[in-house]
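Colleague: Walk me through this one, please.
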Amino acid sequence: MSDFLNAAYAAVSTTLGETGLRIVAALIILGAGWTVAGWATRAVSSASRRSGKIDETLAPLFAKVTRLFVLAITIVMALDKVGVDTTSIIAFMGAMGIAVGLALKDTISDLASGIILLVLRPCSVGEAVDVGGEMGVVKAIDLFETKLETFDGIPVVLPNSRVRSSVIKNFARAERRRIDLSIGVAYEADVVRAIEVVTATVRSDERVLTDADILVNVEALADSSVNLLVRLWTVPEHFFVTRLDMTKAIKLALDQAGISIPYPKRDVFLKQVP
C-alpha cells in the first residue's frame, strides 16, 4: 500500500512540476510579449512621425495595430506553451475575421482608402480640388471620410472609397492655370484693331504670365457678332480674380477704342393680310 501511495505521490509531483514549469514559461512569454509590444508601439509611432510622409492621423493607428498584432502572437504562444491546442483558436479567429470583413466590407474599404489617401496625399487640407465632379476646398481627411466645402459654402462629406476611385483634380498644386474668354465684337468693327486692343489689355495685367503663350484671335462668326478667343495663363491663386478683372478690363478697353460688343439682333418682317 505504501508503495502505491509513494508511486502516486511521485506521479502527481511530476505532473504538477511539469504544469508549473509550463505556466511559468507561459507567464514569461506573456511578460516578454507585453514588453516587446510596448517597445514596438513606441518605435512605430516615432518612426511614423519622423518620416514626414505619414499623416499624423495614421501614426496612432499604425502603433495600435502593431501592438495588437504582437499581443495576439504572444497570447497564442503562451497558450501553446501550457498545452492548449491553438490550431482551432487560429482557425476560429480566421473565420471570425472573414465574417467581420464581409459584414463591414464597405467600412473596411473606406478605412483602407483613407489610409492610402493619407499616405499618398493626392490632396491636403486647405487645397481646392475637384473629386469626381464635386468641387470645393478640403476641410478634413479622416480615416473613413473626406470633408469638402464647396465654393458657395456647402459642406460635402464623401466616403474615402469614392474619393480613392474618383479622378482628383488638385487646382492648388497646378503651377499655372489657363483662362479662356470669348469676346464678341460687331461685324462692322475692325477685327484687327479689336485684336490689338485686347492683346494690349491682356499684356498690361501683371498677373498674366508673359512667359506663356497669349492667344487672341477670331474663334467663330456667330449670328450677331465676331467672337474672339482670348487665352492667357496665370498662377492658381489669381485664377478667379484675374478672370473677372480681365473681362471687365477688356470691356472698358473696347469701349474706349470705339469697338462695340453687340447684343443679339433679330429682323422681324410684318406682312399685312388684306
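Modeller: One term before we start: a polar contact is a pair of N or O atoms within 3.5 Å; within protein, one must be able to donate a hydrogen and the other to accept it, and residues adjacent in sequence count only if both atoms are side-chain atoms. This is a predicted model, where local features need pLDDT of at least 70 and side-chain atom pairs count only at pLDDT 80 or more, while totals for chains, interfaces and linings use all residues. Residues are numbered from 1 along each chain as its sequence is written, and side-chain values use heavy atoms, with hydrogens and water left out.

Colleague: OK, what does the side chain of Asp205 reach?
Modeller: The backbone nitrogen of Arg207, at 2.9 Å.

Colleague: And where is Asp205 found?
Modeller: In the loop between helix H6 (191-203) and strand S7 (215-221). Helices (H or I, at least four residues) and strands (E, at least two) are DSSP runs, numbered from the N terminus.

Colleague: Is Asp205 buried or exposed?
Modeller: Asp205 counts as buried because its relative accessible area is 17%; buried means under 20%, exposed over 50%, partly exposed in between (1.4 Å probe, protein chains only).

Colleague: Switching to the sheet: in what order do the strands come?
Modeller: S6-S8-S7, three strands in an open sheet with antiparallel pairing. Strand S6 (177-185) and S7 are the edges, each pairing on one side only. Two strands pair if DSSP finds at least two bridges between them.

Colleague: How many bridges join S7 to S8?
Modeller: Six, with S8 covering residues 226-234. Ala220 stands opposite Asn227 in S8.

Colleague: Which strands does H6 lie across?
Modeller: S6, S7 and S8, and H6 runs at about 20° to S8. Helix H7 (residues 239-256) lies across S6 and S8, at about 25° to S6. Axes are lines fitted to C-alpha atoms, for helices over the stretch in contact, and angles run from 0 to 180 degrees between N-to-C directions. Contact means heavy atoms within 4.5 Å.

Colleague: What about Arg177, buried or exposed?
Modeller: Arg177, in strand S6, is buried yet has no salt bridge (a side-chain nitrogen of Lys or Arg within 4 Å of a carboxyl oxygen of Asp or Glu). The nearest side chain of opposite charge is Asp130, 9.0 Å away; Lys and Arg count as positive, Asp and Glu as negative, and His and the chain ends are not counted.

Colleague: Which residues does Arg177 touch, then?
Modeller: Leaving out residues up to four places away in sequence, Arg177 touches Phe171, Leu232, Trp233, Thr234, Pro236 and Phe239.
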